[in-house]
Amino acid sequence: MIQDLLRIMGQEHRRSLIGYFVWCVAYAVLQGVAMVMIVPVLQDLLAGDIGGALAWLSVLVCAALFACIAHYVQAMRGFEVALTVLSSMHHQMGDHVVGLPLGWFSSEKIGRLSQTLTSGTMMIGGLFAHLLTPLVTGIVTPATIAVAMFFFDWRLAAAVIICSPVLYLAFRWSASLVGRGDELTDAAAVEAGNRVVEFARCQLALRAFGRGVEGYQPLEDAIEGQRIVGRRSLWMAVPGLIAGGFAAQLAFTVLIAVGVLLALGGSVDTVQVIALLALSARFTGPLSEVAEFAGALRMGRNDVRRMARILAEQPLPEPAEAVVVSARGEIELDGVTFGYEPGRPVLRDVSLRVPPRTMTALVGASGSGKTTVTRLIARFWDVDSGTVRVGGADVRDLTTDALMAQVAMVFQDVYLFDDTLEANIRVGRADATDAEVRKAGRLAGVQEIVERLPAGWATRVGEGGTSLSGGERQRVSVARAILKDAPIVLLDEATAALDPENERFVQDALRTLQSRSTLLVIAHKLPTVVAADQIVVLDDGGIVEHGTHGELLAADGRYAEFWRERSRARGWRLAAENRPRERTES
Amino acid sequence: MTTAVTERTAPAPLPAAPVDTPRQRARKEAAALAELRRPVRGATMLAVVAAALGAVAGLVPFIGLAQLATQLLAPPVDGGAVLLTVWLIVAGLGLRGLLLGTALAITHFADVRLQAILRRRITAHLGKLPLGWFSENSSGRVRKVAQNDITELHHLVAHHSVEMTAAIVLPVGGLLYVFSLDWRLGLLAIGTLPFYAAAYAWMMRGYQEKMDQMNTGYARISAAIVEFVSGIAVVKAYGRARRSHAAYRSAADDFGSFYSDWVRPMLTIEAIASMALSAPIVAVLSLGGSIWFVAQGWVTPIEAMTEVLIAMVIPTTVLAMSFGAQARRTAASAALRIVELLETPELPVAAQPKLPEGNRVELDGVRFSYDGTTDVLHDISLVLEPGTITALVGPSGSGKSTLATLVPRFHDVTAGAVRIGGVDVRQIAPDELYRRVGFVLQDVQLLRGTVADNIRLGRPDATDDEILAAARAAQIHDRITKLPGGYTAVIGEEALFSGGEAQRVSIARALLADTPVLVLDEATAFADPESEAAIQDALSTLAAGRTVLVIAHRLTTITGVDRIVVLDGGEIVEQGTHEQLSAADGRYARMWAVHEGGAR
């Protein structure tokens, strides 16, 4: 864990972490020493030696003073470390994540990453602020006292030393039982949580089919399951907790027995025994708290590990200097094989050339590899074998900036920033003039949205663009691509419900883009397919047919079948043909 | 709940609730906590009693040690008496462990029980909320309340009462004992507390305000992080990664420096104040005082030693209490969120429901508003005759989805009435209503269960043959039989459906439920371009012979329906058949022209 922490903080902060630890341990030791000084003071006091007691008291005052200083310094250092960790975590993660390939950012990863960056960092910062110091002092102070006992009576000290492994084992056992119980309950809690969310998310369906009122059995089962598992894990943890508690008691009992026996035997100073017992009584308490702190620490460790794992992700290798683009606007895939997991290729030996300023439509069933082709062109990932060339250059020989200067992407999951519509289009090209932004907006049909919105171009679109419909978001995305004016545009046509207006705007925008860029479109709409200069039919990771619409129809293969099915869909009419079927319901 | 979301007229946020003063809020939170904890009040009381007894037992060793000292230091030593004292000390310790352990066990079991009770209350309540609520509130909020907030109560229910009781009874009992020995020793034992209390009070000045600022700062950095992370693909694609990255960094730095400016002075005081409670300082004061008192002859050395022992226990409990207060604050705001959810008004259900006669659907002077100020629908009157198909068309924001969802009572009308079989939907019992009105909307809701269970959702008693028949009619049977477990495959695990396939499962479900009235979103048909034709066939089968209200997006689909209703700005502007409306050369004719142009 310390290794992971150091990695997150960066090596340059290593010294401050170590400094904090040193002061923390110093504080714990000094506190122990101060405590031990109580013994001679009490000893003299009980023996009636006021002068001696005062002399020892002055030693105690010195020790206490040093302990206070150490306490202050370690508290401040701990805070500095917490701050450093907090900000260096944010920075480190930010710097790192920016360099990761686009392919890394799946929606699941993004969710996890935001979670880690927000609450995870606070959690880790909190470790230093609240957890490490009590943990260290909880262990080191009693240990110091135990060691110091040798100065008073070796037999008592030996009793303590012998008890400590028992204590340690008891705490470990207890912690592992609690941990195992937690794992059980975690799984049940996740199940119940998912069922509750499902119950809320599917409320329409559940209620429509009578289950909102009658109750929904899987949810009921999950809640009951969580209750049962909760009880079971408690029963599991109980012996451990009892053992932990009793181990501390046992240690004290052994000590008191040994002490009293020695005192009765007269072989040890009675006063010393009493004073030492008093001290042990005070410090067996913190030991059992250590077990609790250790649990909290484990939670923090998970966050640390998650973060270290993200930092271990490697960016794609990039040349220092991009090669020169020789064939502007050309895309070429040459014998490309690629899989997300080893041994399961999604694309097999795909070769494809898209000449500059032409439009190519990719068609095929879902899962045939259409999206993967576009993503490899934008270098979300690197191919397993073969080459992807953009503008005549292998994408691996281009820097991210150089590649992105060539390619604009319009995908289905459009992310809009919580900013104005205008600013969201301007993302396409930061230095565009207002006139250019508006022109791009007009061409993509954003103008029409603007007219309906209260604040026009200055309307804020909400986080992730939630206040716009799917079709409207895609229009904004198209406007970005138009504004960017890249030689190549990769477009994943919306499958979502598009109103006739929406559909018309997208078609118009496609024509605009087609007139000045190379277009590679994952096509879902027939007009788009027909308008393409080249149609590529993918099936199960390979190209099965390619050619123009006419050629492929004539070939009467896979494409012709696709075309017939889609044409049939297009001619669908909803009509109550076999009516009237009068229904008599009670 | 796409229906409401795709609409331009997404519900405006409710008028902001009046902001509570911190004190009002605290009172509300306390009330919320008490209300939620009621089912385990008995158990908690029992645990508190056990904990108090345990804490008292915990005093025995300290007093016993003093006793032991007296016995050992005053010869002749009575071995039997010493042994008895030792036994008492050990028994006291054991009893303390046992009682505190029992107390914690009681509250932990109570906590498990309470969690289940609260989850059931929440889900029972969710089942009675208006359906519209679910489109306005994300499922994330439900998860937060049902999972995280309930878990946050854990510390309070399972630990707080017991630990606080122990933390109060032990030092108070010990102090009383010390005072009983000598009042001066009593004062000595709490000598450092005033310093801590004063410093703590000073630290807490304007705490709430600072805390609010801190929360705002935290929310800002969270937003910056979420935006940075979610938008990173976009900014990278447009070569603006560095800039967005800079915005993120500055948000992180702002937060860091604010946090540091706020916490640093507090921490300095805290670090100094907590010294007042640290064992070494307490020891110095107690021993110093003791030496003086003994020298003055006010107390015996053994009494002084007892004071030292007990004085050193007090600080640990004070710290425990300040941790406890923090935990209580967290739990209190969680409790408030839970209670707020539980207090969301339910959809009113008629006390004496009426039974509709027939399946004629009637909208009579319907007005509707999401926010109470702007009407989304104005004075709509419309009759859907049994066995006919009526299509709603209109531009985005015309109110067609809102209108359609009033029939299955997702929301209640603001004025006017929606009637089925002559009875106002508000007078129909919910289960009766949903036996009559079904819907197939864009947003497919499949449950994580077997395919068969999903299809038979509306009719749990349906036979396997009926399920198969419905799946066949919905064009999904062949796909299901190809799954590893066929009809017993679990959706989301073995059965991974594409959008269109999921849509067909939901159509099979609607077929089996066989409701006479059906609300249909035509966009359903093009959820998945790969299986569009199959969905359309399924929809045609489903629509046949029912009273259908269809939300139409593509005009070609609905040219054959019995009646087309054109909505604009929440009003009916035209209605009639395709032929009639085309001939009328009005709004519909213009839309038709645009549509034909777009499709070409």
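This passage describes a six-stranded sheet of chain A and the contacts between chains A and B in a predicted model.

The sheet in chain A is open and consists of six strands in the order β6-β7-β8-β3-β9-β10, with mixed pairing. The edges are formed by β6 (407-410) and β10 of chain A, each of which has a single partner strand, so that one side of each is left without a neighbour in the sheet. From one strand to the next, the twist averages 20°.

Within this order, strand β7 (residues 488-492) of chain A pairs with strand β8 (residues 518-522) of chain A in the parallel sense, over five bridges, and A:Leu491 has A:Val521 of β8(A) as its bridge partner. A parallel arrangement is also found between strand β3 (residues 359-363) of chain A and strand β9 (residues 534-539) of chain A, which are joined by four bridges; here A:Ala361 is bridged to A:Ile535 in β9(A). The pairing of β9(A) with strand β10 (residues 542-547) of chain A, by contrast, is antiparallel and involves five bridges, with A:Leu538 standing opposite A:Ile543 of β10(A). The hairpin formed by β9(A) and β10(A) has two residues between the strands, and in this hairpin A:Asp540 adopts a positive phi near 50°. Helix α19 (residues 558-570) of chain A lies across β3, β9 and β10 of chain A, and its direction is at about 95° to that of β9(A).

Between the chains, 131 residues of chain A are in contact with 138 residues of chain B. On the side of chain A that touches chain B, the largest share is contributed by helix α3 (residues 50-99) of chain A, with 23 residues. Classified by residue type, this side of chain A comprises 77 nonpolar, 30 polar and 24 charged residues.

A helix pair also spans the two chains, formed by helix α8 (residues 217-265) of chain A and helix α4 (residues 79-126) of chain B, whose axes come within 10 Å and cross at roughly 165°. Because angles over 145 degrees count as roughly antiparallel, this crossing makes α8(A) roughly antiparallel to α4(B). The crossing in which α8(A) passes α4(B) is right-handed, and the residues of the contact between α8(A) and α4(B) divide into 21 nonpolar, eleven polar and five charged.

Conventions: Residues numbered from 1 in each chain as written. Chains lettered and ligands numbered in written order. Predicted model: local features only at pLDDT ≥ 70, side-chain atom pairs only at ≥ 80, totals over all residues. Pairing = 2+ DSSP bridges. Axes fitted to C-alpha atoms, helices over the stretch in contact; angles between N-to-C directions. Parallel < 35°, antiparallel > 145°, perpendicular 65-115°, else oblique. Left-handed = near helix turned anticlockwise from the far one by under 90°. Nonpolar A, V, L, I, M, F, W, Y, C, P; charged D, E, K, R; others polar. Contact = placed C-beta atoms within 7 Å.
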